[in-house]
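Me: Please take a close look at the aromatic rings in this model. I would like to know how they pair and where they sit.

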Amino acid sequence: MEERRVSLAGLGYVGIDAPDPAEWREFATAVCGLTPARAAPGMPADGTAYLKLDSRQWRLAVHPSEAPGLAYLGFELRSVSDFESAVEAVRARGVEIRPGKDAECAARGVERLAVLHDPAGHRLELFFGPVVDDAFRSPTGIEFLTGGLGMGHAVLYVPDIEPSLAFYRDVLGFRRTDYMRFGPGGQGIHFLRCTPRHHSVALLQVGEQSGLQHLMFESTTLDGVGGALDRALAEQVAITSSLGRHRNDKTVSFYMRGPSGFDIEIGWDGVLVGDDWVEHEFAGGGDDWGHRGLTAESLKPKE
């Protein structure tokens with residue numbers, strides 16, 4: 001009997017918790033260039049801010065909560081057969097996974113989903129059948145690179161890199177693109193892909209914490225990045241890393257502090273990875289130029 005496998009189609013959506021979703025909505029629209037999602041059946045009327053960055057019903061949800069942080073990451077499957085194969089493959093690895101409830105599916109705007117957790121405790125959702133509605137038109141003029149690459153990437157803190165790395169590779173089918181060591185005891189960052197995008201997830205160990213270190217949205221143009229940087233400066237948003245180009249994925253980007261404490265990266269020109277890519281460690285610094293302020297020390301959680 002053929003072994004079931006997980007074939008993810010990218011990071012599909014992200015949910016975060018925040019004390020003030022309205023503040024997030026203003027930051028995401030006025031600075032990043034996202035737009036508010038149109039209200040739809042199933043979306044809870046609890047103050048959650050739903051935000052678009054392409055033709056999907058929504059890509060980012062900000063839920064009201066006293067404690068800010070990551071609520072969930074949603075990873076997409078292309079079809080019902082891929083979805084069912086993924087659920088069976090996860091169960092076959094001895095990982096607990098449950099079907100999503102009807103209300104959860106309606107709130108996410110998907111046909112079906114399943115819920116599981118990684119070894120660091122992050123809630124993950126596998127889904128297929130997203131709702132597509134209005135075309136995306138940002139009033140800032142920015143367009144985002146999504147489609148078959150997913151919505152961008154997320155960098156997660158993990159307290160122990162080895163079980164997390166094994167989970168994402170062996171259970172969820174990610175491939176490691178490259179990695180960088182910071183010091184002893186497993187400290188470093190590992191970049192994992194499930195599409196041609198250099199990474200959809202990166203796992204970062206710099207201590208004992210879990211959670212979200214940053215989210216990245218990729219513009220289709222350099223002007224989109226520059227415009228977002230101008231808007232951030234005009235709104236006096238804290239720039240945590242200046243404009244620069246990464247050495248490994250070649251993305252030109254800057255980082256800014258989001259309303260919930262973790263960073264938002266706006267980038268452009270990330271490398272696409274083919275089947276001939278060789279997994280490797282990269283050393284000697286993480287950037288070709290710029291990104292002043294982005295150091296191993298700066299990657300530690302903010303107080």
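Reply: This is a predicted model. The charged end of Arg 108 lies over the ring of Tyr 72, at 3.8 Å from the ring centre. Tyr 72 also belongs to a cluster joined by ring pairs, together with Tyr 13, Tyr 50, Trp 58 and Phe 127.

Across the whole structure, the search gives 13 aromatic pairs. One of these is formed by Tyr 168 and Phe 174, with ring centres 5.7 Å apart and planes at 65 degrees. Because an angle over 60 degrees counts as edge-to-face, the pair Tyr 168 and Phe 174 is classed that way. Tyr 168 has 0% relative accessibility and so counts as buried. Phe 174 is buried as well, its relative accessible area being 3%.

A further pair, Phe 191 with Phe 282, is tilted: the centres are 6.1 Å apart and the planes make an angle of 45 degrees. Phe 191 is located in strand β11, residues 188-193. Phe 282 is located in the loop between β17 (280-281) and β18 (287-290). The pair therefore ties together parts that are 91 residues apart in sequence. Buried means a relative accessible area under 20%; Phe 191, at 9% relative accessibility, therefore counts as buried, and Phe 282, also at 9%, counts as buried too.

Terms used. Residues are numbered from 1 along each chain as its sequence is written. This is a predicted model: local features need pLDDT of at least 70, side-chain atom pairs count only at pLDDT 80 or more; totals for chains, interfaces and linings use all residues. Side-chain values use heavy atoms; hydrogens and water are left out. Rings of Phe, Tyr and Trp (its six-membered ring) pair if their centres lie within 6.5 Å; planes under 30 degrees apart count as stacked, over 60 as edge-to-face and the rest as tilted. Buried means under 20% relative accessible area, exposed over 50%, partly exposed in between (1.4 Å probe, protein chains only). Helices (H or I, at least four residues) and strands (E, at least two) are DSSP runs, numbered from the N terminus. A charge sits over a ring if NZ of Lys or CZ of Arg is within 6 Å of the ring centre and within 35 degrees of the ring normal.
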